[in-house]
Amino acid sequence: MNGNMELLRVEALVKHFPIRGGIFSRVKERLKAVDGVSFSVPKGSTLGLVGESGCGKSTVARGIIRLVEPTSGHVFFKGDDLLAFDSDSMRAARRKLQIVFQDPYASLNPRMSVESIIGEPLIVNRICLSKDERRKKVAFLLEKVGLSSDLMKRYPHEFSGGQRQRIGIARALSVDPELIVADEPVSALDVSVRAQVINLFLDLQKEFGLSYLFITHDLSLIRYISDYVAVMYLGKLVEKAGVDKIFDSPLHPYTMSLISAVPIPDPDVKSGRIILKGDMPSPVNPPDGCRFHTRCSQKMPICSIEEPVMKEVKDGHQVACHLVS
Amino acid sequence: MSIKQKPYILIFLERFKRNQLAVAGMAMVFFLFIIAALAPRISPYNPALINVDQILSPPSSSHWLGTDQLGRDVLSRMIWGSRISLLVGFVAIGIATFIGALLGSLAGYYGGWIDNMIMRFVDIMLCFPTFFLILAVIAVLEPSIWNIMIVIGVTGWMGVARLVRAEFLSLKDREFVLAARASGASDFRIIFRHVLPNALAPVLVAATLGVAAAILTESALSFLGIGVQPPTPSWGNMLTAGKDNIEIAWWLSLYPGLAILLTVLGYNLLGEGIRDAIDPRLNN
């Protein structure tokens, strides 16, 4: 990853949610949703962020565009630290940094027409102020995401899930962003529609030179769409590498078990699945040492004492595990 | 291309129609509106016309609902009184809904100390026995219909504020609100264009029920003589006259009383009908 091509660089991002209790609602405990996450997205490429439910993927996404306020860390976007911005500069920065949400049924305001939904970013960012100009742009965007421009007077409930997600993508595209954070954009869709929406993401990337931070728990999807992969477990990254390295030579036991769980579409191939025992520990009280040691099949004595640090093993392949150091 | 799904308003109307009591309530309210709108055309006499030859005459063919202690036609006075009831109901609840929606929005959206300040103020307001607060305020101000409407409105917004706040708490972290924030929308725009329109259904119910309560309060104040002042006819001050003559002229008490009863009942049935129709849990 060349430094000057880097569009987004996240450094030691931390988000702790305070859990309040007692009569004076003091902070009793902290839910450590994201606990020191660093990665970068080179311009024009796609970084896939994978991990199981509840590991903090969505909090990373929301922390980057400050929909939740991170506890600490840095988010450098084109060299500027977004977390140091005041609310006005942040509003301006969001033009280049858009998000597509997971649930297409919750992400569109049920009381606004498609035209107002897609046109709103154009109004609030003072891009198209005249109504005609805006209508033209909305029609253009609808065609770009594969919907007919005749549909702009309709309301969200008249559309299917896949169509709604296309509307959400059109809304994100309306301000000409450079980076789109896609927070599980297809996991709420039917399998048949999923492929179409994924291909739409790829087409748009080519056409507009977009970069994606693509968050998902679906590994086969990651392999198809990403250039780089970061694997997350319980608020921390465990492994980062180019997509082929992750799939061909995973180093972290957690990554290995995830990859072994990808179904192979051939009944004759014996799958050597590594089944993880138990559930992910609570992010309120993460285990000491390596966070994965409670479920790791290759646990060593040191794993429960010392936390492994992220180390580069070979060009661009980084892993945080005592096995490889 | 698009999936056909019934617009929400049609589903709502269908459910509402199945509730016969609600339809009856709506009919009563509608009837009252017609009466109030057509008052100058349908009232048989001038409501302020004094006729000394006809004092306290019982219901007859010339005075369907009888006359009062000054010989004025009770039916005409009731027809004109319906305007007062409607006006008080709507203006007072309009004021209450405006204040409640505004403070509830701010409390729910911003949270933290703003929320605490506003909601503790709500608690304080709720501690006052509202009716006696109104009495005290009207005793200081001069009793006029505008003062009454304002005072009823200013003391009746707390329920709306709580409702709106609760709706905001559940709506403000929904993805479409986050999406609006991500696209750079201001707080003002998010509150009034994204969240509030989605929070209005329960407010509509509260407002409909509130109209009934406001009409009742106005009648009570007028009955006590500190509401709408004679000679302006209102159902409440007609009852006062009825009380003085109740042993010899039952019609002076019965008809205004019935009118208040049916109006309040109508609004309550309508409000509850709307509430049931928008409640997704009662989907049968």
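## Chain B

In chain B, 69% of the contacts with a separation of 6 or more are between residues 24 or more positions apart; a contact here is a pair of residues whose C-beta atoms, placed from the backbone, lie within 7 Å. This is a predicted model, where local features need pLDDT of at least 70, side-chain atom pairs count only at pLDDT 80 or more, and totals for chains, interfaces and linings use all residues. Residues are numbered from 1 along each chain as its sequence is written, while chains are lettered from A and ligands numbered from 1 in the order in which they are written.

Chain B has 13 helices and zero strands (DSSP runs numbered from the N terminus: H or I of at least four residues for helices, E of at least two for strands). Its C-alpha trace spans about 75 × 50 × 30 Å along the principal axes. Of its 284 residues, 44% count as buried, meaning 20 or more other C-beta atoms lie within 10 Å of the residue's own, with C-beta atoms placed from the backbone.

## Chain A

Residues 24 or more positions apart make up 63% of its contacts with a separation of 6 or more.

## Where they meet

Chain A puts 28 residues into the contact and chain B puts in 20 residues. On the side of chain A that touches chain B, β6 (97-100) and α3 (114-124) of chain A are the elements giving two or more residues. The top contributor there is α3(A), with three residues.

Note on methods. Contact = placed C-beta atoms within 7 Å. Buried ≥ 20, exposed ≤ 12 C-beta atoms within 10 Å, placed from the backbone.
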